[in-house]
Amino acid sequence: MSGLQLQHLEKIYDNNVQAVFNFNLDVKDGELIVLVGPSGCGKSTTLRMVAGLEDITKGKLIIDGNDVTQTPPKDRDIAMVFQNYALYGHMTVYENMAFSLMLRKESKNTIHQKVMAAAEILDLTSQLNKKPAQLSGGQRQRVAMGRAIVRTPKVFLFDEPLSNLDAKLRSSTRREILLLHQRLNATILYVTHDQTEALTLADRIVCMSMGHVQQIGTPLELYDDPSNLFVAGFIGLPPMNFFDVELRAGQAICKDFTVDLTPEEQKLLGWHEGKTVTMGVRPEHIVPGGTIPVDVISNENLGQNTLVNGMVGKHKITCKFREWCTYKYGDIVKVSFTKKHFFDRETTNSIR
Ligand SMILES: Nc1ncnc2c1ncn2[C@@H]1O[C@H](COP(=O)(O)OP(=O)(O)OP(=O)(O)O)[C@@H](O)[C@H]1O
Ligand SMILES: [Mg+2]
């Protein structure tokens with residue numbers, strides 16, 4: 001296994017659409033990187049440039065110390081698993097996994113060993129004689145992964161491999177990918193538009209918007225310390241609440257409520273005294289008890305916690321309380337904020 005470097009990668013398609021701008025990333029050996037962002041932000045394009053399925057318009061791609069920018073896909077020693085895992089329907093599971101090794105003319109013995117080892121990792125040992133049509137969606141997806149594993153490539157690329165699976169299968173297959181990552185110590189680039197998948201899988205997340213990298217960091221870094229409004233709103237579910245507030249004399253003031261700033265926040269925001277900034281508060285950082293009045297619209301019990309949607313004056317707000325609540329439409333619950341984020345309204349960057 002090996003690391004890879006994406007240096008100043010750009011993609012401009014033939015129709016002059018620029019899908020990726022100046023993408024820089026240093027992937028360490030054995031690291032699991034998740035590219036996340038909304039539809040059309042350039043995730044697949046980036047992955048396909050790494051695979052060699054798209055030309056790199058500008059920039060350099062280094063795998064294992066070698067410049068492979070111009071290297072054809074088959075010589076890059078990369079395996080890609082797609083959302084639509086096209087298995088060979090007329091072949092058994094065993095044959096599907098063995099196929100690429102047979103093309104490589106590896107010995108029968110080696111092929112057998114590799115297929116059996118992959119089947120073991122993926123819990124497919126009892127399915128090897130079946131045809132894909134006799135398998136569930138999750139099993140088929142595992143066969144697709146098996147085909148990649150047997151090749152022991154330098155790098156695995158996954159493009160939304162779980163999006164065709166139902167919620168339960170998605171989380172169990174997600175755990176399998178993590179296991180795979182740990183057992184093979186595999187270097188993985190993984191694409192998804194699902195922030196939960198990114199948070200649960202990644203060693204580091206690359207968050208993209210409109211072709212631009214917004215932030216690179218560990219899941220905790222992106223959650224705790226988002227670099228701008230986009231990342232703040234994209235990572236975390238339900239999303240962060242935003243309010244425009246004026247900073248004055250140690251308080252954040254908007255039409256509908258006023259909150260006191262902590263000494264640390266006052267120090268951080270000193271430069272912005274008298275200005276209007278965007279304040280972000282995650283639903284889980286809102287607690288009952290306080291001075292901010294929320295007009296309750298709905299109360300959703302999720303078991304361990306309750307989502308309360310409401311209004312603070314003209315602002316929509318979503319709170320996630322850590323108890324079983326039974327508020328009703330029309331109730332007023334007074335809340336306070338346990339953690340706040342602040343963003344410059346012009347640059348949308350986090351004020352840190
Ligand atoms: N072959 C192509 N020719 C021209 N433009 C393309 C081509 N493929 C993708 N694009 C454009 O490039 C941009 C990025 O597309 P890409 O497929 O990389 O997005 P994505 O982040 O993978 O989105 P999704 O989550 O929907 O898969 C989009 O604006 C898309 O329309
Ligand atoms: Mg895509």
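Residues are numbered from 1 along each chain as its sequence is written, while chains are lettered from A and ligands numbered from 1 in the order in which they are written. In this predicted model, local features need pLDDT of at least 70 and side-chain atom pairs count only at pLDDT 80 or more, whereas totals for chains, interfaces and linings use all residues.

Ligand 1 is surrounded by 13 residues, a residue being counted as near if its C-beta atom, placed from the backbone, lies within 6 Å of the molecule. The closest of these residues are Tyr13, Ala19, Ser39, Ser44 and Thr45. By class, the shell around ligand 1 comprises four nonpolar, eight polar and one charged residue; here Ala, Val, Leu, Ile, Met, Phe, Trp, Tyr, Cys and Pro count as nonpolar, Asp, Glu, Lys and Arg as charged, and the others, Gly among them, as polar. Helix H1 (residues 43-51) supplies the largest share of this shell, three residues, where helices (H or I, at least four residues) and strands (E, at least two) are DSSP runs numbered from the N terminus.

Helix H5 (residues 167-184) has 18 residues, which at 1.5 Å a residue should span 26 Å, in agreement with the 26 Å between its end C-alpha atoms; the expected span is 1.5 Å times one less than the number of residues. Its buried residues are Arg170, Thr173, Ile177 and Leu180. They fall within an arc of 75° seen down the axis of H5, so they line one face of the helix, the arc being that of the directions from the helix axis to the C-beta atoms. On the other side of H5, Lys168, Ser172, Arg175, Gln182 and Arg183 are exposed. A residue is termed buried if 20 or more other C-beta atoms lie within 10 Å of its own, exposed if 12 or fewer, and partly exposed in between, with C-beta atoms placed from the backbone. The cover over the buried residues of H5 includes helix H3 (108-121), helix H4 (137-149) and helix H6 (195-201), contact requiring C-beta atoms, placed from the backbone, within 7 Å.

Helix H4 is mostly covered, with ten of its 13 residues buried, among them Arg140, Val143, Met145 and Ile149. Strand S6 (78-81), helix H2 (93-103), H3, strand S7 (155-159) and H5 are included in what covers the buried residues of H4.

Strand S4 (residues 58-63) is joined to S5 over two bridges, and Ile62 has Asp67 as its bridge partner in S5. Elsewhere, strands S9 (residues 204-209) and S10 (residues 212-217) run antiparallel and are joined by five bridges, forming a hairpin with two residues between them, in whose turn Met210 has a positive phi of about 45°.

Positive phi values also occur at Asp123, near 60°, in the loop between H3 and H4, and at Asn185, near 50°, in the loop between H5 and strand S8 (187-192). Asp123 is exposed, with 12 other C-beta atoms within 10 Å, and Asn185 is exposed with 11. Finally, the peptide bond from Leu237 to Pro238 is cis, with omega near -5°, and Pro238 is found in the loop between helix H8 (229-234) and strand S11 (241-248).

Key. Two residues are in contact if their C-beta atoms, placed from the backbone, lie within 7 Å. Two strands pair if DSSP finds at least two bridges between them.
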